[in-house]
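Dear colleague,

Please find the structure below, handed over for your own work. The findings follow directly after it.

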2 protein chains.
Amino acid sequence: MLAKEYADRLSRVRKAMADKGFGALVVCDPANLFYLTGYNAWSFYTPQCLLVGPDGAPHLFARAMDALGAAYTCNLDDDHIHGYPEDLVHRPDVHPFDWIADVMRGLVPAGEVIGVECDCHYFSPRGYQALERGLPANRLIDCAELVNWVRVVKSSYEIEQLRIAGSIAEHAMRAAFNALRPGRRQCDVVAEIMAAQTCGTPEHGGDYPALVPLLPTGKSAGTPHLTWTQGVFSTGEATTVELAGTYGRYHAPLARTVMLGEPPSRLLDTSKVVAEAMQATLAAMRPGVDGGTVHKAFDRVIKPHGLQKDSRIGYSIGIGYPPDWGERTVSLRPGERTELAAGMAFHVILGIWMDDWGYELSEPVVVTDTGVEKLTDLPHELTVWR
Amino acid sequence: MLAKEYADRLSRVRKAMADKGFGALVVCDPANLFYLTGYNAWSFYTPQCLLVGPDGAPHLFARAMDALGAAYTCNLDDDHIHGYPEDLVHRPDVHPFDWIADVMRGLVPAGEVIGVECDCHYFSPRGYQALERGLPANRLIDCAELVNWVRVVKSSYEIEQLRIAGSIAEHAMRAAFNALRPGRRQCDVVAEIMAAQTCGTPEHGGDYPALVPLLPTGKSAGTPHLTWTQGVFSTGEATTVELAGTYGRYHAPLARTVMLGEPPSRLLDTSKVVAEAMQATLAAMRPGVDGGTVHKAFDRVIKPHGLQKDSRIGYSIGIGYPPDWGERTVSLRPGERTELAAGMAFHVILGIWMDDWGYELSEPVVVTDTGVEKLTDLPHELTVWR
C-alpha cells in the first residue's frame, strides 16, 4: 500500500530537483530519509545520507553495522545500501564522508549540480568539506530544505498517522494532569508522562517523541526549553507542560498549563485572553490564507490586553527525529507569505514567556478544505488542581 | 563548590587553545556547553554556541527565548549571554550565525585564529559559512574535538556523578529484566524501562538519556540501533537491551541480552565466550595501556572461537546529549594509541551482531590508579526467562 506513497514522494522531490537544476540531491535529515525510504533507526549520531538521482532507486549510505540491518525498515535493495567501514567512525584523520564521496563519484555524472541539505542537524561542516573535496567535478549548492518543503502538504495516509499521534498526545496530557501534584518530584511526574507516550493506546503503541516532555515550573516557567530536575512541584506554582504524541515518527505536539492551588489573577486573566486568541487563530486558518495573516488574527486579540509575543505562534509539523518535531519550513509569524493549503499540519502554540512566569496553550491541527481539523480535544482553559 | 571545577575546566581548555594557537574557540556541542558553563536546556535544535576567549568569562549565544532563562542553569552573567532575535529562526535568507558573527567581530581581535567545532552534531555547514563570511579578519580552523579531549579525564566530582548514573542504569536494567515477557508489546516494555530511568532512585532522580532504550529482538537483534515497535516479544527469541542511567547529564550505558525460553546453543556458547572476553578486557585496562592493546586482550579470547567483531569494543563516556552518549574521542579498537589514564571512563560494549541474531554485554567503568572500577554490578551471563 505504501509503495505508491513512496513513489509519489520521490516524484515530487524529483520535480523540485529539476526546477532547481539539481542533477542529484544529498539528503541527511533523518526525517527526510524516513519520508523517502522508510529508513528508521537511531543511527543518525554517525554520518549517514541518501543520494537521490533523477531516476532509479536512491542510494543509502550508513555505517556498516547500520547498513547491515537497514533493509528491516527501508524500501531499498542491497545494491542501494552502502555501509562504510567501522574504522572510519570518530577518526581525526579520515571522515565517513570521504568514503561516501568516493562512491558518489561513480554515481553522479561530472558537471552535475548537487543539492545538499546544508542546514540540517546531522550534517557537519567537516562532512560537507569532505564531500566538496571528494566531488571536484560537481558543484554543491544548499538545497534550502527542498525535501522539507515537499513534506509540507500531507497525504491522507499521513493525516491518518497524525490523527493517531493526536490520540496519544491527548492520552499523555491526561496522564500529566493526573500526575502533577504538590510534593511530587518532577522526574517522577515525567516518568508517568513518558510511560503514557510510549505505551500509546491499546490499538496504537507510541513511538519516541523528538523532544522529551518539557515542564518548566514556578519562576522558571518563563523559560520554555528547560528539562526536569528532581525538585518537587509546589502549591501556588504553575507549570507549563509541552509534550507530543508520536506514532510511526509522526508527531502531534501539545501544550497546556497546570496550576497547583489558587491561580493568581494575572495567570487566570492571561489564560482567558490566550483561549480567545486560540479561537481567533484557528478560525483564521484555511487554504489560501498566508501565515502572516493568521498571525494578525492572534495579535488582534492579545494586543488590547497589553500582552506581547515576539516568537512565532506555530510551525509546520509531521515526521520528526530528535532534537525537533518541527519541519523547519512554514512558520505562523509576521511576514510569512506561504499560503496555507489543505493537508498542511501545524502546531499552533501560544506561549507567553515572561521573566518569571509563563503560560502555554497549543493545538496540533491539519488544514482542511474549509478550515482546520483539531488532532486533540482537550479544554483550552488553565488546568487548576486544588 | 562547582566554581573551582568550572575554573579548572576552563583553564584546561585555554591551555589546549594556546597549544594550538587559537585566539578564540567556538563551542557548539551541547555537552561541551554544559561542561564549561552548566548551560542545560533542550534548546540545541536552533543554533547556539559558546565563545571562549583567552581570558574573562565565555560568551553564550542562543535564541532570544532561551537566552532569557539561560541564567537558570549556566554560570554566566547577563553581559555574557546574547539572545538573537526570534525572527532569525528558520529563515531562508538570514541565519542566526550571521547575527552571532556580527557580535563576535566585536569580541575577537582581527587576525586571531578561531578554533571551531566542525564535526559536532548541532553546527551546520550553513552556520559555518555564515561565521566565515561574518568574520573575514579571522581564520577558522577545525578544533578537532578540543573540549571533548579535555573532558576525557574526569574529576572526582564527575566520577561521583557517573557512579550515581551507574546505580540508575542498574535499576533500569532490572526493570527491563522484569518487564520483558512473551506476549507483551515492545512499547509497553520500553515504557517501564523509561519510567525506571526517569524516576531514578529515591535519592537521585534520573535525567533523560542521550539515546532511547534500544531493544532489537528476534531476527532483528543483529541490527543494534533499531528502535521499538508495537510488535510483541515471543518465546524462543533473544532481545539485546541497550540503555543508560543518566544523572545530571552524566551517562552510564549498559547492555545485556535477554532470552525468552530455552536458549539455542549458539547463543549460550557465545554468551560464555563474551563473558570471558569481558573479563580479559577489563583485566587489561589500567593507566599506561593503550586502547589498541586493550582490544587485543579481547580479540585473543574470541578469535579461537571463530567469532569476529569489526566495530570498536568501547568508547569514552561522560556528559551526553541526544543523539549520542559517547564523547567522540578515545575508542577501544585496533590501532588506538591513546593510553588509558586514571579518571577516564568507558563504555566497554561487546556486541556481536550477526545477520539475524545478536548478543550484547557491556560494562561502564572508570579507570583507577591500578585497573577499573565497575559502575554497575549485574551478572555477565545471558539472562534467561523460562
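The side chains of A:E170 and A:R174 meet in a salt bridge at 2.9 Å, N to O; the term denotes a side-chain nitrogen of Lys or Arg within 4 Å of a carboxyl oxygen of Asp or Glu. Both residues lie in helix α7 (residues 156-179) of chain A, four residues apart, about one turn of the helix. Helices (H or I, at least four residues) and strands (E, at least two) are DSSP runs, numbered from the N terminus. A:E170 counts as buried because its relative accessibility is 17%, whereas A:R174, at 41%, counts as partly exposed. Buried means under 20% relative accessible area, exposed over 50%, and partly exposed in between (1.4 Å probe, protein chains only).

Regarding conventions, this is a predicted model, in which local features need pLDDT of at least 70 and side-chain atom pairs count only at pLDDT 80 or more, while totals for chains, interfaces and linings use all residues. Residues are numbered from 1 along each chain as its sequence is written, chains are lettered from A and ligands numbered from 1 in the order in which they are written, and side-chain values use heavy atoms, leaving out hydrogens and water.

Another salt bridge joins A:E262 to A:R386, with the closest N and O atoms 2.9 Å apart. This pair links distant parts of the chain, 124 residues apart: A:E262 is in the loop between β8 (250-260) and α9 (265-284) of chain A, and A:R386 is in the segment after β14 (383-385) of chain A. A:E262 is exposed, with a relative accessible area of 55%, and A:R386 is exposed at 62%.

Turning to the interface, 75 residues of chain B are in contact (heavy atoms within 4.5 Å) with 75 residues of chain A. The two chains bury about 6300 Å² between them, 56% of it on carbon and sulfur atoms; this is the accessible area (1.4 Å probe) that two parts lose on being put together, summed over both. Two salt bridges are found across this interface. A:R126 forms a salt bridge with B:D119, the closest N and O atoms being 3.5 Å apart, and A:D119 meets B:R126 at 3.4 Å, N to O.

Finally, the largest nonpolar core has 158 residues, and B:L60 is one of those with the most contacts inside it. Such a core is a set of buried Ala, Val, Leu, Ile, Met, Phe, Trp, Tyr and Cys residues joined through side-chain atoms within 4.5 Å.

Yours sincerely
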